[in-house]
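Please look over the chain and its fold before reading on.

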Amino acid sequence: LADEIRRAGTTVALTGAGISAPSGVPTFRGDDGVWEHFDEGQFTYGRFRRDPEGFWDDRVDLQRELFGEEYEPNAGHEALAAMGRDGYLEAILTQNTDGLHGTVAEAIDDDSAENGDAVSETEAPLLLELHGNARRVRCTDCGARTDAGPVFDRAADGELPPTCDCGGIYKPDVVLFGEQLPGAVMQRARSLARESDVFLAIGSSLVVEPAASLPKIAASAGATVGVINLESTPVDDAADIVRRDDVTEALPRLRSLVEKEN
Ligand code: APR
């Protein structure tokens with residue numbers, strides 16, 4: 001994989017909950033996953049529209065489970081960011097809403113993706129947060145974004161649903177089940193997958209669409225596909241290289257192999 005990345009013009013990484021698991025963030029599936037304790041049917045876009053009060057009441061508990069503690073990026077996030085800075089990784093496409101890549105890479109939002117903004121001005125890799133960012137909420141009327149913390153505190157104190165100054169209802173700034181992904185961001189993600197010479201799928205069960213299709217898009221367009229995940233995934237058979245490794249072991253090792261000969 002390191003050889004392929006060294007030779008590649010463009011390497012792109014897709015990440016999922018597994019990259020944040022070593023930081024303490026719970027994963028969604030498997031033993032003790034979030035969906036063992038919570039009913040994912042309660043967090044759909046349809047329910048938010050029908051019953052924002054009940055949605056927010058349940059979401060306060062989910063947010064506490066997911067982000068009740070402060071998390072730090074781990075060696076996996078750091079290795080990807082470093083590969084980006086050193087010119088070996090063009091973009092990180094993440095399904096995670098924990099914002100942890102954002103502390104070491106630079107995110108672009110739907111507007112800048114739509115404007116065709118290129119790789120961020122810093123040396124960090126481009127970061128596309130496909131499912132949004134749970135550290136923010138967004139007003140469903142005026143579109144204003146603000147920090148999630150104080151709004152969740154208000155909801156926990158009984159303001160259900162919490163509203164913006166303009167009177168609009170806040171929604172967590174994440175993509176809910178049954179909600180469209182931000183169009184420009186997803187389009188950008190698909191074209192990065194198509195353009196990639198190496199596509200890495202890291203720490204994801206690869207069962208939730210449309211993110212799960214990205215490695216397949218890359219493979220069909222001729223990329224070398226690598227999967228780094230503790231458990232098997234539906235993409236493994238189509239992948240060129242599969243590693244059943246912990247991200248905090250595999251990614252620093254991959255980075256050192258990629259950079260070894262320079
Ligand atoms: N190193 C490598 N892989 C790991 C590690 C680790 N330290 N810890 C866990 N994993 C793997 C697990 O084996 C599992 O296959 O990470 C994967 C996490 O899978 P999911 O919990 O299904 O998370 P993800 O694929 O990101 O879920 C996608 O589902 O509910 C939605 O919106 C939510 O974005 C999420 C989406």
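What follows describes a predicted model, going from the domains to single residues and strands.

**Domains**

The protein chain is divided into domain 1, made of 1–25 + 73–131 + 181–262, and domain 2, made of 28–70 + 140–174. Taken over C-alpha atoms, the centres of domain 1 and domain 2 are separated by 27 Å. Their contact takes 8 residues from domain 1 and 7 residues from domain 2, and the side of domain 1 that touches domain 2 has, by class, 2 nonpolar, 4 polar and 2 charged residues.

**The annotated residue**

The UniProt annotation "active site", which comes from an unreviewed entry, covers H131. This residue has its place in the loop between β4 (126–129) and β5. Is H131 buried or exposed? H131 counts as buried because 20 other C-beta atoms lie within 10 Å, where 20 or more are needed for that class. When its neighbours within four places in sequence are left aside, H131 is in contact with Q95, T97, V174 and V175.

**The antiparallel sheet**

An open sheet is formed by 3 strands in the order β6-β5-β7, with antiparallel pairing. The edge strands, each of which pairs on one side only, are β6 (145–147) and β7 (170–174), and from one strand to the next the twist averages 45°. Strand β5 (residues 132–139) is joined to β6 by 3 bridges, and R138 has R145 in β6 as its bridge partner. Helix α8 (residues 148–156) packs on this sheet and touches β5, β6 and β7, while its direction makes about 70° with that of β5.

Strand β8 (residues 198–202) is largely enclosed by the rest of the structure, because 5 of its 5 residues are buried. Both of its faces are covered, with V198, L200 and I202 buried on one side and F199 and A201 buried on the other.

|---|---|---|

How values were computed: Residues are numbered from 1 along each chain as its sequence is written. This is a predicted model: local features need pLDDT of at least 70, side-chain atom pairs count only at pLDDT 80 or more; totals for chains, interfaces and linings use all residues. Two strands pair if DSSP finds at least two bridges between them. Helices (H or I, at least four residues) and strands (E, at least two) are DSSP runs, numbered from the N terminus. Axes are lines fitted to C-alpha atoms, for helices over the stretch in contact, and angles run from 0 to 180 degrees between N-to-C directions. Two residues are in contact if their C-beta atoms, placed from the backbone, lie within 7 Å. UniProt positions are given in the numbering used here, feature names are shortened, and annotations may be inferred rather than shown by experiment. A residue is buried if 20 or more other C-beta atoms lie within 10 Å of its own, exposed if 12 or fewer, and partly exposed in between; C-beta atoms are placed from the backbone. Domain bounds come from an automatic or database domain assignment. Ala, Val, Leu, Ile, Met, Phe, Trp, Tyr, Cys and Pro count as nonpolar, Asp, Glu, Lys and Arg as charged, and the others, Gly among them, as polar.
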